[in-house]
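Work through the exercises below with the model open. Try each task before reading its solution.

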Amino acid sequence: MTSLSPSDPIDGAPGAIEGANGGIQPGRYYGRGIPYLPINGYPGKLIAVEGTDGVGRSTQIQLLREWLEVKGYGVIETGWTRSPLMQPTIELAKSSNTLNKLTFVLLYATDFADRLEKEVIPALKAGFVVLSDRYIFTALARAGVRGVDRAWLRSVYGFAIAPHLVFYLNVDVKTLIRRVLEARGMDFWESGMDLKTGDDIYESFRSYQSKLLKEYASMADEFHFRKVDARRSVDRIQDELRKQVEAFLEPAEKLAEPALVR
Ligand SMILES: Nc1ncnc2c1ncn2[C@@H]1O[C@H](COP(=O)(O)OP(=O)(O)OP(=O)(O)O)[C@@H](O)[C@H]1O
Ligand SMILES: [Mg+2]
């Protein structure tokens, strides 16, 4: 695998960003980055929670946020397609159903860029914990299923920052189907109906989500996902997330504890 330093060029070199996270320190750009926004040495921490549609990301992020705030951390949350600039456009694009793959990829990338520059980077600079509901891995997984060139897509997202922690809420498709049906039903996009593999939304959901889960699994090692078994209860998942976040944010205090007890 090639490892890149943030200043290495990635343009025009298909595959060059492959494995980028292996050599990229958390908190640094994966690729060329945003040229006018150097980010080295910012005190904030970026924590991404990834996982497929309806797996329980938002539930866990809300609980993490409350817990971190009680502990005294400044926290901001950012989420896929939530940029005020791009959200209406993406909604329009989804409802009109006339978009090609390239335009869709670029709309999502613009949403991501807008939030990165306006929300994430300022928060990292100010020392906040940034909780990201989905990250570029969502784009990579969805585009992978739709046959978009992986090397190209990775170079598009070369301006993204490698998170300090990526939690991947891992689930099997059977459990996911049960959870989604109990919660709210299946929608057009999360069933991959745009791929026109058939008219049966249930079958389409099962097949599309299985493919997405494979895409996520294929990225797990490369991007240092911390896999969390999301088939368990909300509380058990949250316990595990809190333990891992605490060990990451407060390692020195943890080490100091035995000395205090003595
Ligand atoms: N561990 C769990 N066990 C059972 N149900 C869960 C669990 N986690 C979340 N849920 C339920 O599943 C539904 C989806 O949860 P949530 O909205 O957190 O998922 P999400 O991943 O953010 O979904 P979306 O992709 O729509 O943003 C909710 O009704 C929630 O209460
Ligand atoms: Mg959600």
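A residue belongs to the shell around a molecule if its C-beta atom, placed from the backbone, lies within 6 Å of that molecule. The model used here is predicted.

**Exercise 1.** Find which element gives the largest share of the shell around ligand 1.

Solution. 
- Step 1: list the shell. Ligand 1 is surrounded by Asp 53, Gly 54, Val 55, Gly 56, Arg 57, Ser 58, Thr 59, Arg 179, Ala 183, Ser 233, Val 234 and Ile 237.
- Step 2: pick the top contributor. It is α2, with three residues.

**Exercise 2.** Sort the shell around ligand 1 by class.

Solution. 
- Four residues are nonpolar, five are polar and three are charged.

**Exercise 3.** Work out how the buried residues of α2 are arranged around its axis.

Solution. 
- Step 1: check the helix. α2 has 14 residues and reaches 20 Å from first C-alpha to last, close to the 20 Å expected.
- Step 2: name the buried residues. They are Arg 57, Gln 60, Ile 61, Leu 64 and Leu 68.
- Step 3: look down the axis of α2. The buried residues fall within an arc of 95 degrees, so they line one face of the helix.
- Step 4: recall the general rule. An α-helix has 3.6 residues a turn, so residues three or four places apart point the same way.
- Step 5: turn to the other side of α2. Glu 66, Glu 69 and Val 70 are exposed there.

**Exercise 4.** Identify what the buried residues of α2 pack against.

Solution. 
- Their partners are β1 (45-50), β2 (75-79), β3 (129-133), β4 (165-170) and α9.

Notes: Residues numbered from 1 in each chain as written. Chains lettered and ligands numbered in written order. Predicted model: local features only at pLDDT ≥ 70, side-chain atom pairs only at ≥ 80, totals over all residues. Helix = DSSP H or I, 4+ residues; strand = E, 2+ residues; numbered from the N terminus. Nonpolar A, V, L, I, M, F, W, Y, C, P; charged D, E, K, R; others polar. Expected span 1.5 Å × (residues − 1). Buried ≥ 20, exposed ≤ 12 C-beta atoms within 10 Å, placed from the backbone. Arc of directions from axis to C-beta. Contact = placed C-beta atoms within 7 Å.
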